[in-house]
Amino acid sequence: ARPGPSLYWFSQTIGFGRGLKTAIRAIAAAQSQPHLYLRGTPAKGFAEELKAVAAEHGVGARLHFLEPALPDDLERLAAGFDLGYSGEEGVEINRQYALGNKVFSYLLGGVPCLASATPAHLALAEQLGDAMAIFPVGDVSALAALIDSFLLAPGRLAKARQDAWQLGQSRFNWEREAGRLVA
């Protein structure tokens, strides 16, 4: 059973600079009342900080921390959620110009990604259509509106999920890209 309506994020470390406070504030503002699921190991004191932000915005019961998972399980686990999240704040230069693995795991799991407007996300979004939607870095209202634009429109969400899955199978996966890299 799917935990919808849901926004999902994962990393080895649940920490600063990843737009997680923005996501908490956005789920509080979204009419669709989504839950936010975070998978990974929280940095020291950060889970408490996120729980405090969630409580302050009245969504403490909709913030969930999930155990870390093995890399081979990430796509399967992501597939159970409605939307993926990559809210990089772009504080570190590599977070501006490099794409995180999570974006591709979302695609392989058939999960559309809501991503902050970093240069890397903007460049990829041009190729993904509705499988990736962009919001300005740190813009809570824009993120909440994006969440609702999918979760309150089941047809759009279903099409975006299908598009994400197709892109993950046909182009954005290691099996397809490995040959190009080796060549």
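A: In this predicted model, ring pairs join Tyr8, Phe10, Tyr37, Phe81 and Tyr106 into a cluster.

Q: How many aromatic pairs does the structure hold?

A: There are 7 aromatic pairs in the structure. One of them is formed by Tyr8 and Tyr106, an edge-to-face pair at 6.3 Å centre to centre, with 65 degrees between the planes. Tyr8 belongs to strand β1 and Tyr106 to helix α5, so this pair ties together parts that are 98 residues apart in sequence.

Q: Are Tyr8 and Tyr106 buried or exposed?

A: Tyr8 and Tyr106 are both buried. Tyr106 also forms an edge-to-face aromatic pair with Phe10, at 5.8 Å centre to centre and with 85 degrees between the planes. That pair again links distant parts of the chain, since Phe10 is in strand β1 and Tyr106 in helix α5, 96 residues apart.

Q: Why do Phe10 and Tyr106 count as buried?

A: The cut-off for buried is under 20% relative accessible area; Phe10 is buried because its relative accessible area is 7%, and Tyr106 counts as buried because its relative accessibility is 0%.

Q: Switching to pockets, what is the volume of the largest pocket, and which residues lie nearest its centre?

A: The largest pocket holds about 520 Å³ of space. Its lining is made up of 23 residues, and those nearest the centre are Phe10, Ser11, Gln12, Leu74 and Asn101.

Q: OK, on to the strands: which way do the residues of β4 point?

A: In strand β4 (residues 83-86), Leu83 and Tyr85 point one way while Gly84 and Ser86 point the other way, and all are buried.

Q: And which residues stand opposite Leu83 and Tyr85?

A: Leu83 stands opposite Leu7, and β1 and β4 pair in the parallel sense over 2 bridges. Tyr85 stands opposite Leu114 in β5, where 3 bridges join β4 to strand β5 (residues 113-116), and these strands also run parallel.

Q: How many salt bridges are there?

A: The count comes to 5 salt bridges. Among them is the one between the side chains of Arg18 and Glu88, at 3.0 Å from N to O. This pair links distant parts of the chain, with Arg18 in the loop between β1 and α1 (20-29) and Glu88 in the loop between β4 and α4, 70 residues apart. Both Arg18 and Glu88 are buried.

Q: What about Asp130 and Arg156?

A: The side chains of Asp130 and Arg156 meet in a salt bridge at 2.7 Å, N to O. Asp130 lies in the loop between α6 (119-128) and β6 (132-135) and Arg156 in helix α8 (residues 154-170), so the pair ties together parts that are 26 residues apart in sequence. Asp130 is partly exposed, with a relative accessible area of 25%, and Arg156 counts as partly exposed at 29% relative accessibility.

Technical notes
Residues are numbered from 1 along each chain as its sequence is written. This is a predicted model: local features need pLDDT of at least 70, side-chain atom pairs count only at pLDDT 80 or more; totals for chains, interfaces and linings use all residues. Side-chain values use heavy atoms; hydrogens and water are left out. On a 1 Å grid over the protein atoms alone, a cavity is a set of points where a 1.4 Å probe fits but cannot get out, and a pocket is an open set with protein on both sides within 12 Å along at least five of seven lines; lining residues have an atom within 4 Å of a point. Grid points are joined across faces, edges and corners, and a volume is the space filled by probe spheres set on the points. Buried means under 20% relative accessible area, exposed over 50%, partly exposed in between (1.4 Å probe, protein chains only). Helices (H or I, at least four residues) and strands (E, at least two) are DSSP runs, numbered from the N terminus. Two strands pair if DSSP finds at least two bridges between them. A salt bridge is a side-chain nitrogen of Lys or Arg within 4 Å of a carboxyl oxygen of Asp or Glu. Rings of Phe, Tyr and Trp (its six-membered ring) pair if their centres lie within 6.5 Å; planes under 30 degrees apart count as stacked, over 60 as edge-to-face and the rest as tilted.
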